[in-house]
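Please consult the sequence and the three-dimensional view together while reading.

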Amino acid sequence: MNRVNDIRLSEEVLREKEAQYCSHGDTVHYSPVPKFFQGCEGSFLYDRDDKPYLDLQMWYSAVNFGYRNKQIVGAVTAQLEQLPQLACQYLHEEKVLVAERLATECHRAFGMGGRIQFNVGGSQAIEDSMKLVRNATGKSLFMAFMGGYHGRTLGTSEITSSYRYRRRFGHFSNRAHFVPFPYCFRCPYGMKLESCNYYCTDQVERLFETEFNSFWDAKAEEPEFIAFYVEPVQGTGGYVVPPPDYFRRLKTILDERKILLVDDEIQMGFFRTGKFWGIEHFGVKPNIVVFGKALTNGLNPISGLWAEERLISPQAFPPGSTHSTFSSNTLGTAAALATLQWIEQQDYERTVAESGAYFLQQLEDLKKRHAVIGDVAGLGLALRIEVTQADGFTPNKALTDRIFESGLAGGIPTSRGPMGLVLDVGGYYKNVFTLAPCLDITKGEIDLAIELLDWLFTHCAGEL
Ligand SMILES: Cc1ncc(COP(=O)(O)O)c(C=O)c1O
């Protein structure tokens, strides 16, 4: 790999500087000693010695379309020459075209007219959606899922389930009411999908049965909670795919109680699951869709939301309702437009389903070889490996961490030479590898991934 500049400090010096100058508050710091990388291409990252690492998490699904995707990078480079800076109060072509394309996708998927508004990061767009809902309804209480993740700003922490993200910061608004997610491998009600008859949605419905359950004023026919935030497939929660009819049943309950459905597609949108929007698998129409991450393929970030017209018309949500200096920055909209054009030229609905099915089949085979793999599952190329004790159920965080670290240490013998593996850990017990490979991953690269995982499970399980 060619370096962009000539400065090359030793890793030791850089680590000393990092220890002195970098806050740890703005990153996960999952590894005690985070790794340096200096290059990327396609499905691979390269360390400071140019050694390759197959990436199965692609920046938490922000780089769905491959590192340094030439077409998308080319559009940003051209924008750098043409109009690299412009205040968001003025218009530029790419902003309008990105909004048009996204609104058209929502119209195709949900049959409703609406508008797009932009922001910079995912959490900010979620906060914008909270404002939209509050503005339209005059109410401010939300429902969301246990295991859900919608960001870590003060506002979004209230609807992200983990108390860990709120504990030291106090309450900024109202903590959501959290409902168990249909995580069938570890069903919160101890049931089996074959026989449960969606007991979980019955439990949601029960909340509204009488006013004494504290959610519903039967006389006024009004709910106290006004929007339900969902991820179509739970991301940070461990790539948990809900059973096929769950969202349809939930939506019926919400519609009957006039509760809005906000669909957080920040991690699952843009074909991660094999559909443009993940929620399309489940046949429901959200009132608001929030997106970010892969919209710019991880280049200059922009995020945003689509909302149905009655919520977001200029009369309902007037100028200045939200504002961020960088919200529809020109480099971001150029990257987004190129990303959407790239998507149009591919056939991801078919190819992601095919590669996802092939990958999942290989994972099923891997599971047969390793008793410590309790569950593998997925939707499209959002795949999960749940790491357990040899009983196939008890979560095994120690082994998960060992495999994660060994993958990053690199130098694993493979048919393509020594290689590292980049994984991401999620799940309620931090024992799930959430796999989000490049959507253009080849069959050969999937085989390589399995080779690496096989080696890691064999060696790391043996060491513990
Ligand atoms: C589903 C979901 N919502 C919201 C967010 C927050 O987005 P950001 O990290 O860009 O603020 C994330 C980030 O991982 C996410 O996965």
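## Strands S4 and S12

Glycine 114 has glutamate 308 in S12 as its bridge partner. Six bridges pair S4 with strand S12 (residues 303-308) in the antiparallel sense; two strands are said to pair if DSSP finds at least two bridges between them. Helices (H or I, at least four residues) and strands (E, at least two) are DSSP runs, numbered from the N terminus.

The model is predicted, so local features need pLDDT of at least 70 and side-chain atom pairs count only at pLDDT 80 or more, whereas totals for chains, interfaces and linings use all residues. Residues are numbered from 1 along each chain as its sequence is written, and side-chain values use heavy atoms, with hydrogens and water left out.

## The seven-stranded sheet

S4 and S12 belong to an open sheet of seven strands with mixed pairing, in the order S4-S12-S11-S10-S9-S5-S6. Its edge strands, S4 and S6, each pair on one side only. On average, neighbouring strands of this sheet are turned by 20° against each other, direction ignored.

Helix H5 (residues 122-137) packs on this sheet and touches S4, S5, S9, strand S10 (260-264), strand S11 (288-291) and S12. The direction of H5 makes about 25° with that of S12. Helix H8 (residues 246-256) lies across S5, S9 and S10, and runs at about 170° to S9. Contact here means heavy atoms within 4.5 Å; axes are lines fitted to C-alpha atoms, for helices over the stretch in contact, and angles run from 0 to 180 degrees between N-to-C directions.

Strand S5 (residues 141-145) is largely enclosed by the rest of the structure, because five of its five residues are buried (under 20% relative accessible area, with exposed over 50% and partly exposed in between; 1.4 Å probe, protein chains only). Leu141, Met143 and Phe145 point one way from S5, while Phe142 and Ala144 point the other way.

S5 is joined to strand S9 (residues 225-230) by four bridges, and the two run parallel. Within S9, phenylalanine 228 stands opposite methionine 143. Three bridges link S5 to strand S6 (residues 177-179), also in parallel, and there phenylalanine 178 of S6 stands opposite alanine 144.

## The four-stranded sheet

Another open sheet has four strands in the order S1-S2-S3-S15, with mixed pairing. Strand S1 (39-41) and strand S15 (420-422) stand at the edges with a single partner strand each, so one side of each is left without a neighbour in the sheet.

Strand S2 (residues 44-46) and strand S3 (residues 52-55) run antiparallel and are joined by three bridges; phenylalanine 44 has leucine 54 in S3 as its bridge partner. Helix H12 (residues 397-409) lies across S3 and S15, at about 125° to S15.

## The second largest pocket

The second largest pocket holds about 650 Å³ of space. On a 1 Å grid over the protein atoms alone, a pocket is an open set of points where a 1.4 Å probe fits, with protein on both sides within 12 Å along at least five of seven lines, and lining residues have an atom within 4 Å of a point. Grid points are joined across faces, edges and corners, and a volume is the space filled by probe spheres set on the points.

Of the 24 lining residues, Lys95, Ile116, Gln117, Phe118 and Pro319 lie nearest the centre of this pocket. Helix H4 (93-110) and strand S4 (114-119) are the elements that give two or more residues to the lining, and S4 provides the largest share, five residues.
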